[in-house]
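Good morning, and thank you for the time.

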Amino acid sequence: KDPKEFRDTLFLNFDKLGVYGRVYVAEEGINAQINVPSENLDALRNYIYSIPELNELRLNIAFEDNNKAFYVLKVKVRKKIVADGLDDGSFDVTNVGKHLTAEEWNKHLASEGSICIDMRNQYESEIGHFDGAVCPDVDTFREELPEVLDMLDGKEDQKILLYCTGGVRCEKASAYLKHHGFEDVNQLHGGIIDYARQLKENENIENKYKGKNFVFDDRRGERISDEVISTCHQCNETSDNHVNCVNKDCNCLFIQCNSCNDLYEGCCSEECREVTYMSPEEQSAWRKVKKEGTNTDMYKRSLRPKVRMI
């Protein structure tokens with residue numbers, strides 16, 4: 001009822017447990033990607049489950065090692081935990097699809113007539129996706145929902161399989177499709193993250209996912225299978241390493257192989273590489289020239305002429 005007060009309490013308690021990460025709090029729920037010292041995991045779980053609204057909340061344990069995915073703690077209040085552009089009052093957001101385990105998912109994936117939809121953005125599915133999945137060419141979840149609805153027009157009676165990173169986007173997507181008359185809607189419980197966990201715990205489950213799972217932290221990707229299914233955006237050599245352009249005025253997210261990383265020094269183009277060698281005064285003058293007569297989106301796009309738009 002009071003996301004701001006909840007946010008402050010959550011921050012203080014997470015901070016005591018050494019939690020780092022990114023947390024979004026809204027009236028509709030919570031979406032969090034965090035890391036915590038392994039010795040505090042039980043304490044974190046107990047604290048979360050002591051909150052009535054979060055009792056038995058699904059926790060996706062992605063990996064366990066000495067590396068940190070985050071280095072600061074940010075807890076923010078949002079109108080929605082996922083920017084979907086939907087009017088939640090127009091349909092029942094709790095009427096979601098059937099949640100499938102990894103084993104059940106594989107079985108349905110192989111069933112005749114089923115349609116598997118990747119509910120992530122193009123730059124995520126580019127480096128990894130399930131066999132036979134339809135991967136819409138979109139940049140945002142807001143764009144994807146109407147795109148998927150158009151794509152499935154006339155297929156309301158078929159089995160629909162939805163998946164995303166951790167399952168959050170599919171909660172909205174499955175309810176959205178059911179509202180529009182789709183009856184057999186299913187979703188991968190816990191998303192790709194929990195699918196990978198189940199694979200590790202049960203070697204009898206065949207891995208139907210190819211490549212990496214894109215993650216929104218400093219790792220940028222978690223390898224699910226050995227296949228590399230994407231290519232460098234600069235030379236087209238096999239690669240699935242996402243980087244951000246070193247030129248901070250560009251900061252373009254793109255795929256870059258090691259050779260191009262050396263050649264362009266982590267930049268998306270020769271122009272951006274040259275900018276990094278400019279003095280602060282020269283960079284300021286350059287920015288004014290680039291921005292003149294353009295809006296922000298066009299300005300950003302002008303900085304990456306050699307990179308396929310993602």
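What we have is a predicted model, in which local features need pLDDT of at least 70 and side-chain atom pairs count only at pLDDT 80 or more, whereas totals for chains, interfaces and linings use all residues. Residues are numbered from 1 along each chain as its sequence is written, and side-chain values use heavy atoms, with hydrogens and water left out.

Let me start with the interior. In soluble globular proteins, nonpolar side chains tend to be buried together. By nonpolar core I mean a set of buried Ala, Val, Leu, Ile, Met, Phe, Trp, Tyr and Cys residues joined through side-chain atoms within 4.5 Å. Buried stands for under 20% relative accessible area, exposed for over 50%, and partly exposed for anything in between, with a 1.4 Å probe and protein chains only. The largest such core has 24 residues, and those with the most contacts inside it are M119, L152, L162 and L177. At least two residues of this core come from each of strand 5 (115-118), helix 5 (141-151), strand 7 (160-163) and helix 6 (168-179). Helices (H or I, at least four residues) and strands (E, at least two) are DSSP runs, numbered from the N terminus. Helix 6 gives the largest share of this core, five residues.

Contact here means heavy atoms within 4.5 Å. Setting aside neighbours within four places in sequence, L152 is in contact with I115, I117, I160, L177 and F182. A second, separate core has 17 residues, including L100, Y195, A196 and I224.

Y195 brings us to helix 7. How much of helix 7 is buried? Eight of its eleven residues are, so the helix is largely enclosed by the rest of the structure. Those buried residues are G191, I192, I193, D194, Y195, A196, Q198 and L199. They pack against helix 3 (102-109), strand 6, strand 7, strand 8 (185-188) and strand 9 (209-214).

Next, the aromatic rings. Rings of Phe, Tyr and Trp (its six-membered ring) pair if their centres lie within 6.5 Å; planes under 30 degrees apart count as stacked, over 60 as edge-to-face and the rest as tilted. The structure holds nine aromatic pairs. In one of them, the ring centres of F130 and Y163 are 4.7 Å apart and the planes stand at 85 degrees, so this pair is edge-to-face. It links distant parts of the chain, with F130 in strand 6 (residues 128-130) and Y163 in strand 7, 33 residues apart. F130 is buried at 0% relative accessibility, and Y163 is buried at 0% as well. F130 also pairs edge-to-face with Y195, at 4.9 Å centre to centre and 85 degrees between the planes. Because F130 lies in strand 6 and Y195 in helix 7 (residues 191-201), this pair ties together parts that are 65 residues apart in sequence. Ring pairs link W105, F130, Y163, Y195 and Y209 into a cluster.

I turn now to the cysteines. A disulfide is counted when two cysteine sulfur atoms are within 2.5 Å. By this rule the count is zero. The cysteine sulfur nearest to that of C170 belongs to C164, 3.5 Å away, and C170 is buried at 0% relative accessibility. For C235, the closest cysteine sulfur is in C257 at 3.6 Å, too far for a bond. C235 is partly exposed, at 33% relative accessibility.

One histidine also deserves a moment. H242 lies in strand 11 (residues 242-244) and is buried, with a relative accessible area of 6%. Leaving out residues up to four places away in sequence, H242 touches Y123, I127, F214, R220, L253, F254 and I255.

Finally, the loops. Most residues other than glycine have a negative phi, and most peptide bonds are trans. E56 sits in the loop between helix 2 (41-50) and strand 3 (73-77) and is exposed, at 61% relative accessibility. E265 has a positive phi too, near 55 degrees. Its place is in the loop between helix 8 (258-264) and helix 9 (270-275), where E265 is partly exposed at 37%.

Thank you for your attention.
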